[in-house]
Amino acid sequence: MYGRTGRASELLDNLKGEIDALSHELSLYKHQKDDYERKFQNQLAELNTIQQTLYDLERGQNKMKLHYEEEIRQLKRQLEQQNINANQRDLNSPSTFRSNSPAPPAQHNNNINNNNNNNMQRNTPTPTIPDKGQPKQRQRSGSGEFYQQPGLGPQQLNFQQLNLQQQQQLQQQQGGGQSFPSLSPLDSNRHPKEMGNNMGGNSMNMNNNNNLNKKPDMEEVKEEDRRRHDTDMGEENGKEKGTDWLVGYNPSVQTNLNIDLLHNLQHNSVVCCVNFSNDGKYLATGCNRSAQIYDVDTGKKVHAFVDESEKDGDLYIRSVCFSPDGNYLATGAEDKTVKVWDIHTKKIQHTFYGHELDIYSLDYSSDGRFIVSGSGDKKAKIWDIEKGKCAFTLGNEEVGPKNGVTSVAMSPDGRLVAAGSLDNIVRLWDAQTGYFLERYEGHLDSVYSVAFSPDGKSLASGSLDKSLKLWDLSGSRSRSRCRATFNGHKDFVLSVAFSPDGSWLISGSKDRSVQFWDPRNGTTHMMLQGHKNSVISVALSPKNNSHGVFATGSGDFRSRLWKYDS
């Protein structure tokens, strides 16, 4: 009995000893694990410090680079100013376009001589009126002359006449007419005087305004609205005769690009935005208190949407966007809301609240489930249409915009959201998670427009620094860089858009021109002067049949539909 008890005690002691040994080994392993974790955390902290140091160095290098680039630009401007007097200009700039039109009539000589010197100092673009007799094929001319496009007006202008005309346009823009309602104090709006009906060299009435920087009050805006409406009531909402638009071609490149006006769409106020339906059959426009839909083929207005929620004051529709199926139209306005209209019933289907300031930009996802909006409250928001609520708010104090969001775009595959803002930066987010991905710095002033290329591998941006930039998205996000910078506009770049096949990038500017760029090499092929005020919005039809179609919206109370062949 006692022998068995002793044997059991011995076994228990052995078991206890083994447990103690295992516990000791476990304690050692735990100590080693803690030690390894501490080492890992220390190494991770060192890597974060190194990463932050590299980021700080990169930012410092970029700032230094921008500083040097600005100094180089200033030196170039000084050289260009000196070369202007000697007629030595850069052929790649639209300002060097020259005319092969005949000499001006004798009665215009005095006006031309009085204004020629000031015009040369302004260095304004000088495209020619196309000539019906010229062939469609244009090749580089050894003399630097640029060829004219057929189909415009019966009257031709020579170089000095066009210089006078451009100077008068700029003086009118500085002297007073309603322009795009400003997104920020940077875009001060002035009231240009009305231009004459014929841009073919006739004298224009101009009044000097000593208070160029004074913004118009509400009464001035209303009076301008009434005056423009009375002046333009006689214009037909159809095809113009080609007497009030000009096309200039870059003489240093060969191009088959041809432009023609399809329809002139008269509005009662500034046209803030234009956008096509996915099938290319309809064009939507936004202006004061209303959005309209036009038939692209006929130019006739087929729908109008008026928000009666606020009866008093102005309420500009800053952005319009069709749903992919074409059944709904989303509008963003100064009332801080996103509204989705049923096009057939003309009823508001959804109203999204959440922004604290004016909404400047909208875009639909390719599957029609989401809308992204950008606002002056420094935020972009992704709205879930089915659930009727905000899915993500893009932007915070750390990585978000430091000023208003002026433009948003969703990538063709619906996975990315891009936003341009008044703090000069373009930002990129993951549309499915709301996570911030990347920021692109390089513009020297506010970014007013962003657009994805059709293949989603590039992103274009337009800025108040008068330039466009093309950003490469095809590689690693952290290695995405500016692929090219497009210079040529003489004033703010307000809108950018790609053609459906990605072969053209077009831009609209406060200098009243639309330019066609080749995104592969950054060369401008064509400059269109088709409005009497800022070109606020440009859009290209997603469908190309026998020819491409694009639209422009302007501060001259008009939207225009154009066709292009290339």
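Let's start inside the second largest pocket: 49 residues line it, and those nearest its centre are Asn275, Asp363, Ala409, Ala451 and Ala497. Before I go on, please keep in mind that this is a predicted model. The space in that second largest pocket is about 1,200 Å³. Which strands each supply at least two residues of its lining? They are β3 (273-276), β7 (317-322), β11 (359-364), β15 (405-410), β19 (447-452), β23 (493-498) and β27 (535-540).

Now let me step back to the whole chain. We have 566 residues here, and buried residues make up 50% of them. The chain has 29 strands and 4 helices. Its accessible surface comes to about 27,400 Å², with 46% of that belonging to carbon and sulfur atoms.

On to the cavities. How many of 30 Å³ or more does the structure hold? There are 3. I'd like to show you the second largest cavity, with about 70 Å³ of space. It is lined by 13 residues, and Asp307, Ile317, Thr331, Lys339 and Trp341 are the closest to its centre. Three strands, β5 (290-295), β8 (328-333) and β9 (338-342), each give at least two residues to that lining.

Hold on to Lys339 for a moment, please, as it turns up again in a salt bridge. Its partner is Asp335, and the closest N and O atoms of the two are 2.6 Å apart. Are these two residues buried or exposed? Both Asp335 and Lys339 are buried.

That brings me to the salt bridges in general, and the count for the structure is 17. Let me pick two that involve helix α1, which runs over residues 2-84. One pairs Arg7 with Glu10, with 3.6 Å between the closest N and O atoms.

As for accessibility, Glu58 is partly exposed at 30%, and Arg481 is partly exposed at 43%. There is also a network: Glu69, Glu70, Arg73 and Arg77 are joined into one by salt bridges that share partners.

Let's stay with helix α1 and look at its Leu47. Leu47 is exposed, with a relative accessible area of 55%.

Next, a quick stop at Ala391, in strand β14 (residues 389-394). Ala391 is partly exposed, with a relative accessible area of 32%. Setting aside neighbours within four places in sequence, Ala391 is in contact with Ile382, Trp383 and Asp384. From Ala391 to Ala431 you move 40 residues along the sequence, and their C-alpha atoms are 9.6 Å apart in space.

Lys346 has a positive phi, near 60 degrees, in a residue other than glycine. You'll find Lys346 in the loop between β9 and β10 (347-352), and it is partly exposed at 41% relative accessible area. Asn424 also has a positive phi without being a glycine, at about 80 degrees. Asn424 lies in the loop between β16 (416-421) and β17 (426-430), and it counts as partly exposed, at 22% relative accessibility.

Conventions
Residues are numbered from 1 along each chain as its sequence is written. This is a predicted model: local features need pLDDT of at least 70, side-chain atom pairs count only at pLDDT 80 or more; totals for chains, interfaces and linings use all residues. Side-chain values use heavy atoms; hydrogens and water are left out. Buried means under 20% relative accessible area, exposed over 50%, partly exposed in between (1.4 Å probe, protein chains only). Accessible areas come from the Shrake-Rupley method with a 1.4 Å probe; for residues, only the protein chains shown count as cover. On a 1 Å grid over the protein atoms alone, a cavity is a set of points where a 1.4 Å probe fits but cannot get out, and a pocket is an open set with protein on both sides within 12 Å along at least five of seven lines; lining residues have an atom within 4 Å of a point. Grid points are joined across faces, edges and corners, and a volume is the space filled by probe spheres set on the points. A salt bridge is a side-chain nitrogen of Lys or Arg within 4 Å of a carboxyl oxygen of Asp or Glu. Contact means heavy atoms within 4.5 Å.
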